[in-house]
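Work through the exercises below with the model open. Try each task before reading its solution.

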Amino acid sequence: MDIDTPSQTTKKEVLQKERRASSDSVYDTFLQCLTHRAQPSDHISDIVYSQANSSFANVLVPYIRNHRFNSSSTLKPLAIVTPTQESHVQAAVLGSKDIGVHLKIRSGGHDFEGISYISDDAFFILDMFNLRSIEVDIKEETAWVQAGATLGELYYRIWEKSKVHGFPGGVCRTVGVGGHLSGAGYGNMLRKYGLSVDNVLDAKMVDVQGRILDRKAMGEDLFWAIIGGGGASFGVILAYQIKLVPVPEKVTVFRVEKTLDQNATDLVYKWQFVAPGTDPGLFMRLVLQPVTSKTQKGQKTLGASVVALFLGNSDQLLAITDKELPEMGLKKENCREMSWIESVLWWDGFDEGTIPPLETLLSRDYPINFLKRKSDYVQSPISKANLDQLWKKMIELGNVGLMFNPYGGRMSEIPASATPFPHRAGNLFKIQYFINWSDDDPELEKNYLAQIRSLYSYTTPFVSKNPRSAYLNYRDLDIGTSTNGKNSYEEGRVYGVKYFKDNFERLVKVKTAVDPDNFFRNQQSIPSLPK
Ligand SMILES: Cc1cc2nc3c(=O)[nH]c(=O)nc-3n(C[C@H](O)[C@H](O)[C@H](O)COP(=O)(O)OP(=O)(O)OC[C@H]3O[C@@H](n4cnc5c(N)ncnc54)[C@H](O)[C@@H]3O)c2cc1C
């Protein structure tokens, strides 16, 4: 155990006191700016939390969804602003600009690298969790949803109004709309309806001048940029207007698991040809992980699970899978028919036993989790021999898993330049590399980060090249970061072409036009060109 000597303690205390005093004075100045910028009726002091406020940790911590970034050494924000009306967001942008302090924007806090709430410089957090209203217009088949709403809340409010409408967003109920949609979020209906952003009609945002703009006022270039280019490079998203999509009264879900001695390799090999080409209403995710063998004592094997949603009934589904993927051995008893809204809960971790009350979708509870993710795109099937070697590597490493998410269907019909998200036709599937743990142990973290990076390095020959592409919403700072200094364009290009390919340059153009001084920035933001 480290024990401080008295002189070290004094030095530390003095340093802490100084830091607190300077953070208090920045906070006071910020509060004055906010009060000056806000409307007289705004009660600004009720929505701003300084580090000295007894509720500071209660506001900061619940939306830290990756506890790797909740250590005592993680730099904390000087203040957190929690707007309850749009004018508060305008005041926060202008107030931070006035005093030159970096503003981070957080909606649901699910960024895998925590970039909505961590920074190396002094910063404020603009936390959108109170701005969460959802207005569903079933006659028009549209909805306005504020950035601080969660996906679970959105799906629930749609279901309240209609049992035959849904939205093709992500599968985790606590993910925030602000980050998810601005980063081109996807879910298990992407083969039928594309990404969330392929179904966005309008948006409202606050720009760097503190103006509230809708699609008409912001113009098509900026609107294009905030449906997949990451909102935080361009402004603060207040809300999106979305188009609802039809879902049948009954859908079918299933999970089938195979290990190597049950011919998992044949299944995975064939899956690569079938899953991206089958009926667009069928989404079959493959989850691959080392598991303990049930037949060979003390041995590890590879577990391959197909987790699926089909927009139809089980008879229709079996007619497809019997013909196209008999290797899966799907049987009627593996299938569960349910309403679409129940399938949302099934996918969100309630895939065993009974589905809990639908109100569970409104819960913002989330377990303490330490995470790392990486991503890749696969454009040609991986051979059986290479799959065998890949399993060997995964078993040897021990803890990293892979998720294969099939593309095709609607994804191949939408041009690569329609939104900033470029990974359309020609991609068979996206890989997510995943590793989760629940103990706050630096050695474990070191080991797990090394494992996931080692697997990523191993798969190089099997995935897209020039550039090796990545998915923005599976944020990965390993692929490049920006210091937001004079080399920001060169630094930004490194990760920018991986996330956006040819769309990167258009994003830079938009950024340069709307935020030339790079007020809205983060570790992987879109750079503005030097003046
Ligand atoms: C458990 C879990 C499950 C997930 N499942 C899926 C999935 O099924 N499909 C999928 O596509 N992704 C999934 N993701 C990834 C998720 O979509 C992204 O991390 C997304 O960006 C999270 O949005 P958020 O608002 O919750 O995050 P935040 O951390 O709040 O924000 C993420 C980024 O968006 C910016 N941002 C947030 N709000 C705004 C705003 N109002 N205006 C401007 N910029 C803003 C932030 O500054 C940050 O850069 C998952 C993540 C987790 C942790």
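**Exercise 1. How many salt bridges does a search of the whole structure find?**

Solution. The search finds 30 salt bridges. A salt bridge here is a side-chain nitrogen of Lys or Arg within 4 Å of a carboxyl oxygen of Asp or Glu. This is a predicted model: local features need pLDDT of at least 70, side-chain atom pairs count only at pLDDT 80 or more, and totals for chains, interfaces and linings use all residues. Residues are numbered from 1 along each chain as its sequence is written, and side-chain values use heavy atoms, with hydrogens and water left out.

**Exercise 2. Characterise the salt bridge between lysine 374 and aspartate 478.**

Solution. 
- Step 1: distance. The N to O value is 2.7 Å.
- Step 2: location. Lysine 374 sits in strand β16 (residues 370-378), and aspartate 478 in the loop between α14 (442-458) and α15 (488-500). They are 104 residues apart, so the pair links distant parts of the chain. Helices (H or I, at least four residues) and strands (E, at least two) are DSSP runs, numbered from the N terminus.
- Step 3: Lysine 374 is buried, at 2% relative accessible area. Aspartate 478 is partly exposed, at 34%. Buried means under 20%, exposed over 50%, partly exposed in between (1.4 Å probe, protein chains only).
- Step 4: context. Both residues belong to a salt-bridge network that also includes Arg68, Glu113, Lys372, Glu445, Arg453 and Asp476.

**Exercise 3. Locate the salt bridge of arginine 157 and glutamate 160.**

Solution. 
- Step 1: distance. Their side chains meet at 3.1 Å, N to O.
- Step 2: location. Both lie in helix α4 (residues 151-161). They are 3 residues apart, about one turn of the helix.
- Step 3: Arginine 157 is partly exposed at 29%. Glutamate 160 is partly exposed at 42%.

**Exercise 4. Which side chains make polar contacts with that of arginine 424?**

Solution. 
- Step 1: location. Arginine 424 is in the loop between α13 (410-413) and β18 (429-437). Is arginine 424 buried or exposed? It is buried, at 2%.
- Step 2: partners. Aspartate 198 is at 2.9 Å, and threonine 419 at 3.2 Å. A polar contact is a pair of N or O atoms within 3.5 Å; within protein, one must be able to donate a hydrogen and the other to accept it, and residues adjacent in sequence count only if both atoms are side-chain atoms.
- Step 3: surroundings. Leaving out residues up to four places away in sequence, arginine 424 also touches Leu195, Met411, Ile414, Pro415 and Ala416. Contact means heavy atoms within 4.5 Å.
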